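Welcome! Please take a look at the sequence and the structure below, and then read on for a short tour.

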Amino acid sequence: MLRTRPSAIKSTAESSLAEQDDGLNGRTGQALASSLLAVSAFVIALRLLQPASVGIYVGSGGNVILIGAASGLYTFGDVLVVFAASLVAGASTTILLLPWTKESSHPFSEAILNDRKAKWTEVSRTLKDDQVKVYQAILDAGGLLSQREVVDKTVLSKATVSRALDLLESRGLVEKRRRGMSNVILLK
C-alpha cells in the first residue's frame, strides 16, 4: 500500500492553492521558466559545439599574409554568451525546483479560517454528531487535512468519515481534492 506523508499532502494542497493566483510561480511562471531553460540550454550547446576559427596573419598595412588558422578556440564574446545563458539556466532551474509560496496567500487563508471559527457555533447547530466531529477536526488542523488524518483524529470509521465529508461537501462547507491515492480536505 502506497502511503503519502501528511506534510507532503499539505504542501501539495497549499501549493495548488497558491497557484490559483497564477503569478510568476504559477503555471505561467513554470512555463516561462521551462522555456527560458530550454532556450538557454540550446544557446550554450550551440556556442560550445561551434567554436570560432581564428586566422593568424603576419604583416602590416597592405602587406598582410595569412600564415595559418587555429580552429577550436573560443572568443571573449563566446565566453560572455555562455556565461549569460548559464545564469539564465540557473535562475530558471531554481524557479522550477524550489517550492515557492506567496506571502499574501497565508493571511488570506488565515482570514478564511478565522471566519469559519467565528461561524462555528451557527454551523455546528445544523450538523449531526459525526459531521461535527469531522468539521471540528478539519477546523482544528488549520482548514487542511488528509482524509486519513480525519479518520485518525475523529476515531470514526472510514465509511462514516466518508459519508460525513460527502454531506459537508454537498452543503458547501468543505471541498475534497484528489491527491494521488488519497483525498485532501479543505474548508470552503
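## An exposed valine in a loop

Val155 counts as exposed, with 73% relative accessibility; exposed means over 50% relative accessible area, buried under 20% and partly exposed in between, using a 1.4 Å probe and protein chains only. Val155 sits in the loop that links α7 (147-154) and α8 (158-170). Although Val155 is not a glycine, its phi is positive, at about 55°.

## About the model

This is a predicted model, in which local features need pLDDT of at least 70, side-chain atom pairs count only at pLDDT 80 or more, and totals for chains, interfaces and linings use all residues. Residues are numbered from 1 along each chain as its sequence is written, and side-chain values use heavy atoms, leaving out hydrogens and water.

## The overall picture

The protein has eight helices and five strands. These are DSSP runs numbered from the N terminus, with helices being H or I of at least four residues and strands being E of at least two. Along the sequence, the order is α-α-β-β-α-α-α-α-β-α-α-β-β.

Of the 188 residues, 26% count as buried. Among contacts (heavy atoms within 4.5 Å) with a separation of 6 or more, 52% are between residues 24 or more positions apart.

## Two crossing helices

How do α6 and α8 cross? The axes of helix α6 (residues 129-140) and α8 come within 9 Å and cross at roughly 80°. Axes here are lines fitted to C-alpha atoms, for helices over the stretch in contact, and angles between N-to-C directions run from 0 to 180 degrees. That makes α6 roughly perpendicular to α8, a label for angles of 65 to 115 degrees; under 35 is roughly parallel, over 145 roughly antiparallel and the rest oblique.

On the α6 side, Asp130, Gln131, Val134, Tyr135 and Ile138 meet residues of α8 that include Val161, Ala164 and Leu168.

## A buried serine

Ser92 belongs to helix α3 (residues 76-97). Is Ser92 buried or exposed? At 2% relative accessibility, Ser92 counts as buried. Leaving aside residues up to four places away in sequence, Ser92 touches Ala33, Leu36 and Leu37.

Strands β4 (residues 174-179) and β5 (residues 182-187) run antiparallel and are joined by six bridges; two strands pair if DSSP finds at least two bridges between them. Arg177 stands opposite Val184 in β5. The hairpin has two residues between its strands, and Gly180 takes a positive phi near 65° there.
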